[in-house]
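This report looks at how two protein chains meet. Please read it alongside the sequence and the coordinates.

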Number of protein chains: 2
Amino acid sequence: METVAENRSHGGMQGVYGHASRETGTDMTFAVFVPEHAPGEKLPMLWYLSGLTCTHANVMEKGEYRAACAEHGVILVAPDTSPRGDDVPDAAEEYDFGKGAGFYLDATREPWSKHYRMRSYIEAELPDLIAEHFPADMERQSITGHSMGGHGALTAALRDPARFRSVSAFSPIVAPSLVPWGQKAFPRYLGEDRDKWREHDAVALIEDGARHDHILVDQGTADIFLGEQLKAHLLAEACEAAGMPATIQMQEGYDHSYFFVSTFMAEHVAWHAERLKA
Amino acid sequence: METVAENRSHGGMQGVYGHASRETGTDMTFAVFVPEHAPGEKLPMLWYLSGLTCTHANVMEKGEYRAACAEHGVILVAPDTSPRGDDVPDAAEEYDFGKGAGFYLDATREPWSKHYRMRSYIEAELPDLIAEHFPADMERQSITGHSMGGHGALTAALRDPARFRSVSAFSPIVAPSLVPWGQKAFPRYLGEDRDKWREHDAVALIEDGARHDHILVDQGTADIFLGEQLKAHLLAEACEAAGMPATIQMQEGYDHSYFFVSTFMAEHVAWHAERLKA
């Protein structure tokens with residue numbers, strides 16, 4: 001692991017780090033904020049998965065999480081959204097497929113399957129790297145994300161509720177199998193068999209029996225993607241049908257941007273911190 | 001004035017606006033955050049002047065001011081740092097002169113004098129536009145800024161303490177006449193007569209008798225520009241020699257970036273709000 005940059009901020013250290021990933025077969029970059037802490041102290045951690053077109057940098061610059069993470073003593077880790085580099089196949093004309101659009105899955109179809117392994121990267125490789133290099137208590141992890149990253153957070157937590165004590169999302173894609181973004185990406189990454197899509201679809205996972213005790217979602221009512229791509233009501237209906245409590249909040253007048261995410265970031269960090277310290 | 005973008009954020013509205021400026025003779029863009037407020041209510045306002053290479057967007061994206069402005073009910077206005085456009089003379093190879101480097105002065109030398117009129121733009125034209133279009137109480141203004149913008153804030157407030165109730169700065173250029181950035185820009189914008197530079201130099205203004213009762217400066221000790229360009233100690237010495245109280249805080253380990261600015265932004269907004277509401 002190499003240090004790309006470290007800047008003191010809000011009493012802690014905002015870092016950007018790079019490493020050669022065995023899962024993606026590429027160099028990968030990620031951001032970590034470590035609050036001020038006592039020597040030897042291990043801190044709980046929050047994963048933040050970003051949305052389409054983003055890298056680690058969008059939330060690092062616009063997410064306004066550091067004050068809250070410093071207040072609550074929570075490490076925040078922000079990975080990239082796909083493999084990168086000239087060797088990685090891409091769909092350069094498409095913002096919603098290929099680079100910047102890894103959908104947090106392991107692709108099984110050529111030519112994507114070689115490098116597009118973001119699920120294994122997030123679930124297996126990067127946690128080991130974090131545990132080795134940062135003062136993170138890996139027994140206390142939670143996860144959040146925005147849009148495609150909200151999809152990534154919800155599906156990761158529903159598949160492994162024992163690992164993630166709590167999961168939240170900002171304007172998540174709750175049922176990618178049913179909307180254009182997912183219906184475009186899943187056949188190419190995973191093939192046409194829709195049964196293979198279900199473990200990458202929060203609503204389908206709940207229908208299939210997955211459960212999580214701590215789910216928080218904020219969704220802006222003025223989000224231009226709400227009606228066609230995000231469909232928060234499908235998550236609310238799935239949770240209700242499953243008898244699973246979840247807090248899904250419609251926020252009047254907010255859109256899909258980081259102006260929205262940053263508004264509710266401090267509340268999400270505090271909500272996770274309460275559960276990480278319970 | 002035209003609306004470029006408006007996004008709901010932290011309960012208020014973050015807007016970006018454009019207009020044809022009579023002072024610069026160009027189209028100009030600026031950002032305004034208006035917190036939630038009662039119908040008809042006028043709010044105090046804080047100017048934020050940005051540093052070299054910046055536009056209105058840097059602080060809007062990375063400054064983390066909206067939560068504090070919403071809490072205290074303060075409007076924040078962030079102008080651009082120079083005229084823009086193909087007709088504007090520039091020094092394209094130089095990040096510290098020309099576009100993005102207006103130094104908040106009215107240039108008197110050709111070819112700069114036609115468009116580089118940021119002092120009159122900030123002091124005369126833009127306030128009228130703000131008063132006309134936003135719920136701002138123009139009797140309650142304060143000003144802050146970063147680096148070159150800290151220079152702009154300090155000099156504007158020292159020249160007109162009646163207009164600006166308080167002034168703060170993040171890593172300001174306190175004595176441009178004495179450092180490379182100013183010694184490069186001032187001769188080209190203002191000519192070789194150093195007497196003409198003094199009203200654009202906070203330390204010189206204080207030496208010449210200017211005073212302000214409410215000055216707050218934060219400066220990182222790990223700022224790579226501190227020793228050669230910023231020289232916070234010169235401001236401290238000038239204030240002491242003048243018998244003028246000022247709070248100048250050295251912040252251990254912080255650099256010149258927005259990771260530093262955002263750390264102390266909430267404190268600055270609260271400090272201004274206290275004075276704007278006194």
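What follows describes the interface between the chains and then their symmetry.

The model is predicted. In it, 20 residues of chain B are in contact with 20 residues of chain A. The area buried between the two chains is about 1800 Å², and carbon and sulfur atoms give 47% of that area. Of the area that chain B buries against chain A, 38% is supplied by Arg8(B), Glu64(B) and Phe259(B), more than by any other three residues.

| Item, chain B with chain A | Value |
|---|---|
| Salt bridges | 2 |
| Salt bridge Glu64(B) to Arg66(A), N to O | 3.5 Å |

On the side of chain B that touches chain A, β1 (2-9), α1 (57-62) and α9 (258-276) of chain B each supply at least two residues. The element that gives the most is α9(B), with 4 residues. By residue class, this side of chain B divides into 9 polar, 7 charged and 4 nonpolar residues.

The symmetry comes next. Chain B is superposed on chain A by a rotation of 180° with 0.0 Å of shift along its axis, at an RMSD of 0.0 Å. That is the relation of a two-fold axis. Within chain B, Lys62(B) has the C-alpha nearest the axis, 2.8 Å from it.

Which surface does each copy use? The copies meet through the same surface, because 100% of the interface residues of chain B are also interface residues in chain A.

Key. Residues are numbered from 1 along each chain as its sequence is written. Chains are lettered from A and ligands numbered from 1 in the order in which they are written. This is a predicted model: local features need pLDDT of at least 70, side-chain atom pairs count only at pLDDT 80 or more; totals for chains, interfaces and linings use all residues. Side-chain values use heavy atoms; hydrogens and water are left out. Contact means heavy atoms within 4.5 Å. Buried area is the accessible area (1.4 Å probe) that two parts lose on being put together, summed over both. A salt bridge is a side-chain nitrogen of Lys or Arg within 4 Å of a carboxyl oxygen of Asp or Glu. Ala, Val, Leu, Ile, Met, Phe, Trp, Tyr, Cys and Pro count as nonpolar, Asp, Glu, Lys and Arg as charged, and the others, Gly among them, as polar. Copies are superposed by least squares on the C-alpha atoms of residues with pLDDT of at least 70 in both.
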